[in-house]
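Visitor: I would like to learn how to read a single residue and then a sheet. Please show me the structure.

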Amino acid sequence: MTSMRTFRPALGTAAAMLAASPVEAYVGPGAGFAFVGSLLSLLAAFLAGAAAFLLLPFRLAWRALRGAQGYRKARIRKLIILGLDGLEPDLVEKYLEDGKMPNLAALRKQGRYRRLRTTFPPLSPVAWATFATGSNPGKHNLFDFLNRNLRSYLPELSSSRVHQPSRVWRVGRWRIPLSKPTVEMRRKSRPFWSLLGDNRVGSTILRVPITFPPEPFEGRLLSAMCTPDLLGTQGSFQVFTNAPEETEFEEAGACYPLEGAGQVWTGRIQGPANSIRDGSGNLEIPFRMRVDLASGSGSLEIDGATHRLPANCFTAWIRLTFRAGLGIKVSGVGQFHLAAVEPHIRLYLSPIAIDPERPALPISHPACYAPYLAKLLGSYSTLGLAEDTWALNERVIDEDTFLEQANQICDEREAMFEVALDRTRKGVVACVFDTPDRVQHMFYRYLEPLHPAHATNGNSFSRYAGTVEELYARMDRIVGRTMRHLDEETVLFVLSDHGFKSFQRGVNLNAWLEREGYLAVREEARDQGYLRGVDWSRTRAYSFGLTGIYLNMKGRESNGIVPRSESRHLAEEIAARITGLRDPDRAAAAVNRGYAKHDVYKGPYVRAAPDVVVGYNPGYRSSWGVAIGKVGGPVFEDNTKAWSGDHCVDPPLIPGVLFCNRDFEAERPGIEDLAPTAMRLFGYDPPSYMDGRDLRVRVSTA
């Protein structure tokens with residue numbers, strides 16, 4: 001999963017929500033939150049949620065009674081799917097050989113292991129959408145984290161969008177919503193658990209990417225990527241300091257002052273914009289902090305409650321309630337980390353996640369499921385990208401702090417998964433762990449002593465050299481605990497959506513397109529980002545996001561100049577010319593192959609796809625600048641950020657892994673094959689739109 005934290009537009013649909021805010025953030029799902037609904041709507045939602053929570057045991061009993069018919073043709077009673085995002089086959093096979101992943105070794109011996117084909121491109125939203133729907137991106141409409149707006153060329157989140165209330169009553173400066181905001185799921189095609197639910201086969205789906213907003217079906221679901229934070233972004237941290245000069249971050253966070261002296265300091269936590277009162281800016285929560293310079297610890301006073309601030313360690317989840325007026329309020333949860341007290345205080349606040357007990361947006365199905373888990377297990381992060389990779393990139397937190405955060409989030413996921421496994425007698429249980437992806441993104445450099453990132457991070461190489469191996473050992477232990485729930489009527493799949501490779505050099509595709517005569521630049525705006533520096537009247541192609549090149553097509557883009565009749569030939573020409581692109585400083589090919597979109601996609605949504613998909617060689621990826629639409633700079637540059645591993649690589653070079661406790665016939669399985677296989681295991685024919693094929697798992701029919 002290449003994180004959306006690469007992008008920071010406080011613009012487009014996200015601008016409406018953050019226009020009054022100093023927080024510069026990643027692209028959010030759009031403007032507006034459910035908390036700005038009318039008081040009656042909020043009361044009705046509260047009562048409905050309470051009723052649903054109280055009636056849940058009875059609903060589950062009723063479903064169990066009437067659902068028995070759904071298993072009449074089933075070849076199994078239970079299917080468990082454990083997703084380990086980003087597990088790399090080369091490392092898995094090495095650790096298997098070295099005896100360091102005994103549980104996966106036992107699973108392989110019991111059933112079968114194969115490398116798993118991934119998607120074009122090998123990005124988590126694309127791959128997991130294909131996993132869920134069994135279809136290629138041309139049918140589910142996800143090709144990257146971002147889409148570009150065809151009118152403005154500005155970025156917008158590809159997976160979901162929040163629409164403001166359609167009816168608003170204006171009274172002076174007050175804007176009283178008379179209808180609710182709506183949240184749109186932009187992924188197309190139906191996931192296999194929804195189709196199974198039509199046939200009364202229930203599922204519990206935990207944190208599988210591209211499930212926000214949750215869609216109704218026969219089962220339970222907790223959303224994952226790209227669930228926003230309370231600001232409506234994909235994760236914006238806050239830093240509070242008494243340093244004389246505030247720090248400006250390149251991406252995804254903001255710095256705010258502490259006022260005071262000695263041991264007592266005050267600050268203001270920034271929340272979402274107050275959208276019910278014009279000109280009132282962002283909602284804020286004041287806090288008071290005491291610090292003990294000798295121990296490096298302290299305490300926080302927020303909303304009348306006192307919370308301990310341990311030295312260089314995260315607090316528990318703290319509820320943060322923002323009040324908009326007229327009795328309307330919204331709550332989130334965040335964790336504080338007192339990183340330093342001398343020479344200057346530095347207090348980090350994680351991105352404020354939607355409160356799982358009082359969700360401001362729909363994050364689970366049924367609506368009571370997220371609060372149920374919080375009551376059962378304690379509060380937890382609901383943010384789609386919960387591990388704060390960008391805070392480590394910005395050196396706001398260090399490696400130890402990041403690992404503490406990642407391990408805690410993994411603990412939360414394990415607890416949820418264990419509950420689901422314990423309480424599921426039949427049907428599907430699917431859970432995806434993001435930890436392998438996030439940790440490898442930030443620690444891959446420690447597998448490579450000569451990685452360019454080591455020139456700037458200042459950390460001991462040997463101290464973190466075993467981090468990735470320890471991570472894989474933890475994933476193996478999760479596999480072992482999952483295997484305790486197997487019996488003769490249960491099938492287990494363990495899979496990753498793609499592998500992982502080094503990211504040492506960035507490729508600025510826009511600079512290459514300019515050099516080759518496909519893109520023209522307005523010099524006065526060359527480095528402004530978001531494609532503002534492009535002269536559209538003379539540009540035939542441009543790059544945006546992580547792996548794509550788009551044609552500036554007449555009749556599609558607002559300032560398009562390429563005739564549709566010439567588009568296929570031009571895409572094929574660019575794909576051919578970028579194949580084998582050489583990095584002169586390394587005497588190596590940065591690009592393995594370029595693909596015209598009609599060679600890799602089919603379906604009703606191909607029109608939205610990048611016209612050329614760039615398949616990089618290991619070690620290379622789109623540069624940080626081109627990912628957010630910059631056109632200036634060199635074609636090649638070193639990647640010196642902590643984010644040192646990636647998977648934006650030519651898909652045949654970056655497969656995932658697939659383990660099963662039963663043998664299966666397929667020799668070259670693809671991630672699209674899991675959905676039709678799940679359908680067949682429960683005795684149902686997959687729909688015709690699915691591109692995947694049944695893996696033909698060998699199960700007992702006795």
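Guide: Start with V626, which lies in helix α17 (residues 624-627). Helices (H or I, at least four residues) and strands (E, at least two) are DSSP runs, numbered from the N terminus. This is a predicted model, where local features need pLDDT of at least 70 and side-chain atom pairs count only at pLDDT 80 or more, while totals for chains, interfaces and linings use all residues. Residues are numbered from 1 along each chain as its sequence is written, and side-chain values use heavy atoms, with hydrogens and water left out.

Visitor: Is V626 buried or exposed?

Guide: Buried means under 20% relative accessible area, exposed over 50%, and partly exposed in between (1.4 Å probe, protein chains only). V626 has a relative accessible area of 0%, so V626 is buried. Of the 702 residues of the protein, 62% count as buried.

Visitor: Which residues does V626 touch, not counting residues up to four places away in sequence?

Guide: A contact means heavy atoms within 4.5 Å. With that exclusion of residues up to four places away in sequence, V626 touches V507, N508, L509, N510, S543, F544 and G545. A511 is 115 residues from V626 in sequence, yet their C-alpha atoms are 8.6 Å apart.

Visitor: In what order do the strands of the open sheet with β13 run?

Guide: Two strands pair if DSSP finds at least two bridges between them. The order of the 5 strands is β13-β14-β15-β16-β17, with antiparallel pairing. Its edge strands, β13 (259-261) and β17 (305-309), each pair on one side only. Between β13 and β14 (residues 264-273) there are 3 bridges, and A261 stands opposite V264 in β14.
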